[in-house]
Amino acid sequence: MNKEQNIKVTTSHTSPLPHREGPGESLESPHHTSPLPHREGPGVGLESPVIELQNVKRYFQVGSETVKALRGVSFKIYEGEFVTIQGTSGSGKSTLLNQLGCLDTPTSGEYYLDGISVRTMSKTQRAHLRNRKIGFVFQNYNLLAKTTAVENVELPLMYNSEVSAKERRERAVRALQAVGLGDRLEHKSNQMSGGQMQRVAIARALVNDPAVLLADEATGNLDTRTSFEMLVLFQELYRQGHTIIFVTHNPEIAEYSSRNINLRDGKIREDTINHNIKSAAEALAALPKPVDD
Ligand SMILES: Nc1ncnc2c1ncn2[C@@H]1O[C@H](COP(=O)(O)OP(=O)(O)OP(=O)(O)O)[C@@H](O)[C@H]1O
Ligand SMILES: [Mg+2]
């Protein structure tokens, strides 16, 4: 048995994640139960944005037709913001997320990630940047099926030669503890519920301590209760200073984030700061108890 397996685990969701240094830190609320801190987003402070889009367009050529999925999108996202990108089906959300995640390149416009122009990079440089700066949470989890939780979470660190096997395991265990799965380290993906798999996916996204956490419909496949549990977790990550971009078709979710960007027909219709962030924990507590409880 290796040493790491003896690490004391906790099922608490409040255990600390590896913190990012930065302006978000000082705004942290020391209290788990206190209201969410309100962070002023765009244009406040002297910090530079984690993400900056300048008039990004993405056109697709389908036969003789040009589909304008993004028609000129500009925004800045600062460290510590919890941004929902909301819009109806076909409004361009996934296309936008693919730009932000460096999975696709715009037809025109500029994208700066942590101050670096993504357009000018080679494919290899982009892949490297993606691995180091971005944590993805996909709708279908994208976990390896017959692989344990801790092995799944270790994956992104495999490409990082600066991290030893021992450190890799320790960081994976910490990330799983932080999402409340300290007691499921050795469970395989097919031995877990949807909500647990989503937590593994979130732990995997966080293990590299990314500059930004990108989630595409992270509550899309889950029942109401599990969706709220997931929102509680995202709010905790927000409180800890993580920068989160959460794509959803569901307008209700915007009430739990600090800022909402509403997309329509590939353009920003509205970009609003939420001054009254609802507590997902309270919403969860107010849900009717499951019948078999
Ligand atoms: N690879 C592609 N080739 C051609 N058209 C595309 C491609 N990807 C997206 N589109 C088109 O771009 C528009 C935006 O698509 P996108 O997938 O970004 O929407 P969405 O907001 O994510 O929708 P949903 O909520 O249904 O996931 C749609 O009209 C879509 O048909
Ligand atoms: Mg989509």
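Two residues are taken to be in contact if their C-beta atoms, placed from the backbone, lie within 7 Å. Among contacts in the protein chain between residues at least 6 apart in sequence, 73% join residues at least 24 apart. The structure is a predicted model, in which local features need pLDDT of at least 70 and side-chain atom pairs count only at pLDDT 80 or more, while totals for chains, interfaces and linings use all residues. Residues are numbered from 1 along each chain as its sequence is written, and chains are lettered from A and ligands numbered from 1 in the order in which they are written.

The secondary structure of the protein chain comprises eight helices and ten strands, where helices (H or I, at least four residues) and strands (E, at least two) are DSSP runs numbered from the N terminus. Of the 293 residues of the chain, 41% count as buried; a residue is buried if 20 or more other C-beta atoms lie within 10 Å of its own, exposed if 12 or fewer, and partly exposed in between.

Helix H4 (residues 149-158) has seven buried residues out of ten, so this helix is largely enclosed by the rest of the structure. The buried residues of H4 are Ala149, Val150, Asn152, Val153, Glu154, Pro156 and Leu157, and they pack against helix H3 (123-133), H5 and H6.

Two of these packing arrangements can be described by their geometry. Helix H4 and helix H5 (residues 165-178) pack at an angle of about 120 degrees, with their axes 9 Å apart, the axes being lines fitted to C-alpha atoms, for helices over the stretch in contact, and the angles running from 0 to 180 degrees between N-to-C directions. This angle makes H4 oblique to H5, given that angles under 35 degrees count as roughly parallel, over 145 as roughly antiparallel, 65 to 115 as roughly perpendicular and the rest as oblique. The crossing of H4 past H5 is right-handed; a crossing is left-handed if the near helix is turned anticlockwise from the far one by less than a right angle, and right-handed if clockwise. From H4, the contact involves Ala149, Val150, Val153, Glu154 and Leu157, and from H5 it involves Arg168, Arg169, Arg171, Ala172, Val173, Ala175 and Leu176. By class, this contact of H4 with H5 has eight nonpolar, no polar and four charged residues, where Ala, Val, Leu, Ile, Met, Phe, Trp, Tyr, Cys and Pro count as nonpolar, Asp, Glu, Lys and Arg as charged, and the others, Gly among them, as polar.

Helices H4 and H6, by contrast, pack at an angle of about 30 degrees, with their axes 7 Å apart, and are therefore roughly parallel to each other. H4 passes H6 in a right-handed crossing, and the contact is formed by Ala149, Asn152, Val153, Leu155 and Pro156 of H4 together with Val200, Ala203 and Arg204 of H6. The residues of the contact of H4 with H6 comprise six nonpolar, one polar and one charged.

Helix H6 (residues 194-206) also packs with helix H7 (residues 224-239), at an angle of about 20 degrees and with the axes 10 Å apart, which makes H6 roughly parallel to H7. The crossing of H6 and H7 is right-handed, and the residues in contact are Gly194, Gly195, Gln198 and Ile202 of H6 and Thr226, Glu229, Met230 and Leu233 of H7.

Arg171, which lies in helix H5, has 21 C-beta neighbours inside 10 Å and therefore counts as buried. Leaving aside neighbours within four places in sequence, Arg171 is in contact with Leu157 and Val207. Arg171 and Leu206 are 35 residues apart in sequence and 9.7 Å apart in space, C-alpha to C-alpha.

Around ligand 1 there are 13 residues, of which Phe60, Ala69, Ser89, Ser94 and Thr95 come nearest; here a residue is near a molecule if its C-beta atom, placed from the backbone, lies within 6 Å of it. Strand S1 (51-62), strand S2 (65-77) and helix H2 (93-100) each give two or more residues to this shell, and the largest share, three residues, comes from H2. The shell divides into four nonpolar, eight polar and one charged residues.

Asn55, found in strand S1, has a positive phi near 45 degrees in a residue other than glycine, and Asn55 is partly exposed, with 13 other C-beta atoms within 10 Å.
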